[in-house]
Amino acid sequence: MRKRKLIIIPAYNESACIEKTVKDIQKYAPEFDYVVINDCSTDNTREICEQHGFHLINLPVNLGIGGAVQTGYLYGYRNGYEMAVQVDGDGQHDPAFLKEMAEILEKEGLDMVIGSRFIEKKGFQSSSMRRVGIRYFSALIKLLTRARITDPTSGLRMVNRRVMKEFAHNYPKDYPEPESVVAILERGCKVKEIPVVMRERMGGVSSISMKKSVYYMVKVSLAIVIEKIRGGKK
């Protein structure tokens, strides 16, 4: 019998991490299906996945994190999954929390559950500079939506089929997490955070470099404000 829950694993040049990431999922979240979205990696991420028989979609061009995750949502929606969760390919997200996230999503009738590292402040807390940016986005989202999101850049987000359908058709391309949270809040969706413990990435390089930080802050801030002005209507 096909499983109802899907894990979307966006991966770009994650050869150092992808094997352990998938095997941890198989061990700690066996009730979930998963698919690796190989975002046209230039290393041997694809070869590792194929060698181990991992479930894999190979993108012909690099779409970036937003495009890769959107591909996963489109796959999940078209194949009838009832919920989907993003787990990054770098090994930071612990799949042991996924069962609890799914239970809360269903029991409380939520549209999205976000795994936040800042509620109990355990595990890897990110760099000091990134924490400043995260607090800034948290404050901006609170100002615009009145919702308190402590970890708006968290990629560990589980959604129901309603949001899966929305994200399959409309999903931000660059640094999508804060913008997409505002989008569904503006649509009246129910969002809740739960405490999780995140790990430091097991290898590879983060897509957000110091040089990109200013662009990231400006671009995402404008996108959030525009989403608020639109009122969630597209």
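**Exercise 1. Strand β2**

Determine which residues of β2 lie on one side and which on the other, and whether they are buried or exposed.

Solution. Asp33, Val35 and Ile37 lie on one side of β2, and Tyr34, Val36 and Asn38 on the other. Both faces are covered, as all of these residues are buried. Here buried means under 20% relative accessible area, exposed means over 50%, and partly exposed lies in between, with a 1.4 Å probe and protein chains only. Since 6 of the 6 residues of β2 are buried, the strand is largely enclosed by the rest of the structure.

Basis of the values. The model is predicted, so local features need pLDDT of at least 70 and side-chain atom pairs count only at pLDDT 80 or more, while totals for chains, interfaces and linings use all residues. Residues are numbered from 1 along each chain as its sequence is written, and side-chain values use heavy atoms, with hydrogens and water left out. Strands (E, at least two residues) and helices (H or I, at least four) are DSSP runs, numbered from the N terminus.

**Exercise 2. The neighbours of β2**

State how β2 is joined to β1 and to β3, and which helices lie on the chain path between these strands.

Solution. Two strands are said to pair if DSSP finds at least two bridges between them.

- Step 1: β1 and β2 run parallel and are joined by 6 bridges. Ile9 stands opposite Val36, and Pro10 has Ile37 as its bridge partner.
- Step 2: From β1 the chain passes through helix α1 (residues 18-28) to reach β2, in a right-handed β-α-β crossover. Right-handed means that, with the strands pointing away from the viewer, the path from the first strand over the helix to the second runs clockwise.
- Step 3: β2 also pairs with β3 in the parallel sense, over 3 bridges. Asn38 faces Asn58 of β3.
- Step 4: β2, α2 and β3 form a right-handed β-α-β unit.

**Exercise 3. The sheet**

Give the strand order of the sheet, identify its edges and describe how β4 pairs with β1 and with β6.

Solution. 

- Step 1: The sheet is open and has 7 strands in the order β3-β2-β1-β4-β6-β5-β7, with mixed pairing.
- Step 2: β3 (56-58) and β7 (191-195) are the edge strands; each has a single partner, so one side of each is left without a neighbour in the sheet.
- Step 3: Direction ignored, neighbouring strands are turned by 20° against each other on average.
- Step 4: β1 and β4 run parallel, joined by 4 bridges, with Ala84 as the bridge partner of Leu6.
- Step 5: β4 (residues 83-86) and β6 (residues 157-160) pair in the antiparallel sense over 3 bridges, and Met83 stands opposite Asn160.
- Step 6: In β1, 7 of the 7 residues are buried. Lys5, Ile7, Ile9 and Ala11 point one way, and Leu6, Ile8 and Pro10 the other.

**Exercise 4. Asn160**

Decide whether Asn160 is buried or exposed, and find which backbone nitrogens lie by its side chain.

Solution. Asn160 is in strand β6. Its relative accessibility is 17%, so it counts as buried. A polar atom of its side chain lies 3.2 Å from the backbone nitrogen of Arg162 and one lies 3.0 Å from that of Val163. Leaving out residues up to four places away in sequence, Asn160 touches Glu82, Met83, Leu105, Leu110 and Asp111, where contact means heavy atoms within 4.5 Å.

**Exercise 5. Cores and helix α8**

Solution. A nonpolar core is a set of buried Ala, Val, Leu, Ile, Met, Phe, Trp, Tyr and Cys residues joined through side-chain atoms within 4.5 Å.

- Step 1: The largest has 33 residues, and those with the most contacts inside it are Tyr73, Met112, Val159, Phe167 and Ile224.
- Step 2: A second, separate core of 29 residues includes Ile7, Ile18, Met83 and Leu98.
- Step 3: Ile229 is in helix α8 (residues 210-230).

Conventions. Axes are lines fitted to C-alpha atoms, for helices over the stretch in contact, and angles run from 0 to 180 degrees between N-to-C directions. A polar contact is a pair of N or O atoms within 3.5 Å; within protein, one must be able to donate a hydrogen and the other to accept it, and residues adjacent in sequence count only if both atoms are side-chain atoms.
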